[in-house]
Amino acid sequence: MTMLRKILSKYKKIKDMINNPPHYTRGGIEAIDYMEAKSTPEEFTGHLRLTALKYLSRTGYKDDALQDLKKAQWYVNKLVTYVEKQNVKYK
């Protein structure tokens, strides 16, 4: 395996673990979608914000630092999209 293929393989694994972790889709539904359906807008925005903070706070201490930063970014992007889509008042 060439060096480029090894790098691309590693990148693909990281990307998959950020955008579509297989352990979050057990039961046929994304866990985040289920949480959104069962939460009030205030609860869901709080979850997204606190989860982003969790990943930022642990960056470099648990898993790969870049992966943690990308996960935090994912949750912030999800929060922005949700607030825009729902026209939620965010305090």
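**View 1. Buried residues of helix H3 in a predicted model.** This model is predicted. The buried residues of H3 are Phe-44, Thr-45, Gly-46, Leu-48, Thr-51, Ala-52, Tyr-55 and Arg-58. They pack against two helices, H2 and H4. H3 itself has 18 residues. From first C-alpha to last, H3 reaches 26 Å, close to the 26 Å expected at 1.5 Å a residue. Look just past the end of H3 for Gly-60, where phi is positive, at about 85 degrees.

**View 2. The largest nonpolar core.** Ten residues make up this core, and the count is given as 10. Its members are Ile-32, Phe-44, Leu-48, Ala-52, Tyr-55, Ala-72, Tyr-75, Leu-79, Tyr-82 and Val-83. The largest share, 5 residues, comes from H4.

**View 3. Helix H2 crossing helix H3.** H2 covers residues 31-38. The axes of H2 and H3 come within 8 Å. They cross at roughly 145 degrees. The crossing of H2 past H3 is right-handed. From H2, the contact uses Ile-32, Met-35, Glu-36 and Lys-38. From H3, Glu-43, Phe-44, His-47 and Leu-48 take part. Sorted by class, this contact has 4 nonpolar residues, 1 polar residue and 3 charged residues.

**View 4. Glu-36, a buried residue of H2.** Glu-36 is found in helix H2. Its relative accessible area is 18%, so Glu-36 counts as buried, the cut-off being under 20%. Which residues does Glu-36 contact, leaving aside its neighbours within four places in sequence? They are Phe-44, Lys-78, Tyr-82, Lys-85 and Gln-86. Phe-44 and Tyr-82 belong to the largest nonpolar core. For a sense of spacing, take Glu-36 and Leu-48. In sequence they are 12 residues apart. In space they are 9.9 Å apart, C-alpha to C-alpha.

**View 5. Lys-71, a buried residue of H4.** Lys-71 is found in helix H4. Is Lys-71 buried or exposed? Lys-71 is buried, because its relative accessible area of 14% is under the 20% cut-off. Leave aside the neighbours within four places in sequence, and Lys-71 is in contact with Met-17, Ile-18, Tyr-55 and Arg-58.

**View 6. The whole protein chain.** Step back from the close-ups. The secondary structure comes to 4 helices and 0 strands. Read along the sequence, the pattern is α-α-α-α. The chain has 91 residues, and 25% of them count as buried.

Notes. Residues numbered from 1 in each chain as written. Predicted model: local features only at pLDDT ≥ 70, side-chain atom pairs only at ≥ 80, totals over all residues. Heavy atoms only, no water. Core = buried A, V, L, I, M, F, W, Y, C linked by side-chain atoms within 4.5 Å. Buried < 20%, exposed > 50% of the residue type's maximum accessible area, 1.4 Å probe, protein only. Axes fitted to C-alpha atoms, helices over the stretch in contact; angles between N-to-C directions. Left-handed = near helix turned anticlockwise from the far one by under 90°. Contact = heavy atoms within 4.5 Å. Nonpolar A, V, L, I, M, F, W, Y, C, P; charged D, E, K, R; others polar. Expected span 1.5 Å × (residues − 1).
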